[in-house]
Structures are given as structure tokens and as C-alpha cells.
Amino acid sequence: MATKNTTIHNKITGEKITWLETSQDSNGKRLVFLFEVAPKGKLPVTHYHPNQTETFEVCKGTFTVRLAGQVHILKAGEKLLIPKGVPHQWWNDSVNEPTKMKVIFEPALHTETFLEQFYGLSNDNKTAKDGTPAFLQLMAMVNEYEIYITGPPLFIQKALGFVLGGLAKLIGIKKYYPQYSKK
């Protein structure tokens, strides 16, 4: 379980998260964290959150977000709200300066647990070189954490998550590993 003022790192992507307000702190209303993205750091896939808004507020550096096909370059002091269900992808285009920002998810849902799981898998070298979990690992997690990729319709991704996530479970792949976060 995320705890206010603690920090988690992803050794593969170079990202760092410091929890400012957890789901428990806000009774599930929001999750707020300070997010540091390494130079040239990026999220490799366009994705969306069907039941959450996400806000980026840049504190230092620049941050690029592709939102519904349009590119936004945010500088310190600027913020961008990503509405529920809108596809987006992000990256730090700088070659030598990390981006620091405040990120807010509303409602919190299980996002902090997803991030702890994702970072834990990366730190244990159970992801690709870019930090992406294996396909069956993603299928095991997709419905629990409500993060979907752009492309296949949502109902197909949910069905695949159910079927392939079940198959993943049979071969020992889980949606939650207690060593990465405590419930």
C-alpha cells in the first residue's frame, strides 16, 4: 500500500514517484504524486483510463503529451487535464533534464497499486528492456487496474483480459504480487 511521503523508483525507466496523497488519504477520491521522468523517458504505448481523469502539472523541465492525436508541450507552471476515456501518451523529450511534475488521478481507483506492481516487476527484471510487462502479465492486470491500450474496442480488451488473464493465472502469472505492495 502506498504511504504518503514515500518514494518508489523504476530502475529500468528511471522514473521516480513520491506519494503526496494516497487513495487511503482521500477516501478513494484521488491519488496525487510527484513524478520524475528521466531524460528521454517515455510511456511506450498510447493508453486510456475509462473511469479516471489524469492531470499533469509540470514543476520543472518540459513534458510532451499526445492527447487524442494532438501534441501538447508543457513547461514549468503549465498543466493539462486528460478526460476519462481519452487516449494519450507521454514522454520527456529532453536529452539531459528530468521532468518533475505533480500527477493527479481522480478517482484513485487502484492506480497506486498498479504503479507499485509495474515498478516491482521492472526492478526484478520481469519486463522488456523498455519496462513493458509481458503480454500475459498485462492481460492478468488490465481489468483490475482499468488501463487499456488504444486500438481494440474496450469490450474486446476486457474479454481478452478475462480469458487470457485466466490462462495467465493458471501458469502462475498474477495481477498482484504482495512483495511489491501491501494491501
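The UniProt record, an unreviewed entry, places the annotation "domain: Cupin type-2" on residues 34-103; such annotations may be inferred rather than shown by experiment. Over residues 34-103 the chain is 0% helix and 56% strand, and the end C-alpha atoms are 6 Å apart. Helices (H or I, at least four residues) and strands (E, at least two) are DSSP runs, numbered from the N terminus.

This is a predicted model, in which local features need pLDDT of at least 70 and side-chain atom pairs count only at pLDDT 80 or more, while totals for chains, interfaces and linings use all residues. Residues are numbered from 1 along each chain as its sequence is written, and side-chain values use heavy atoms, leaving out hydrogens and water.

Now to the helix pair.

| Item | Value |
|---|---|
| Helix α2 | residues 135-145 |
| Helix α3 | residues 154-170 |
| Axes of α2 and α3, approach | within 7 Å |
| Axes of α2 and α3, crossing | roughly 120° |

Axes are lines fitted to C-alpha atoms, for helices over the stretch in contact, with angles from 0 to 180 degrees between N-to-C directions. In α2, Phe135, Leu136, Met139, Ala140, Val142 and Asn143 meet α3 residues including Leu160, Phe162 and Leu164, where contact means heavy atoms within 4.5 Å.

Just after α2, Glu146 takes a positive phi of about 55°.
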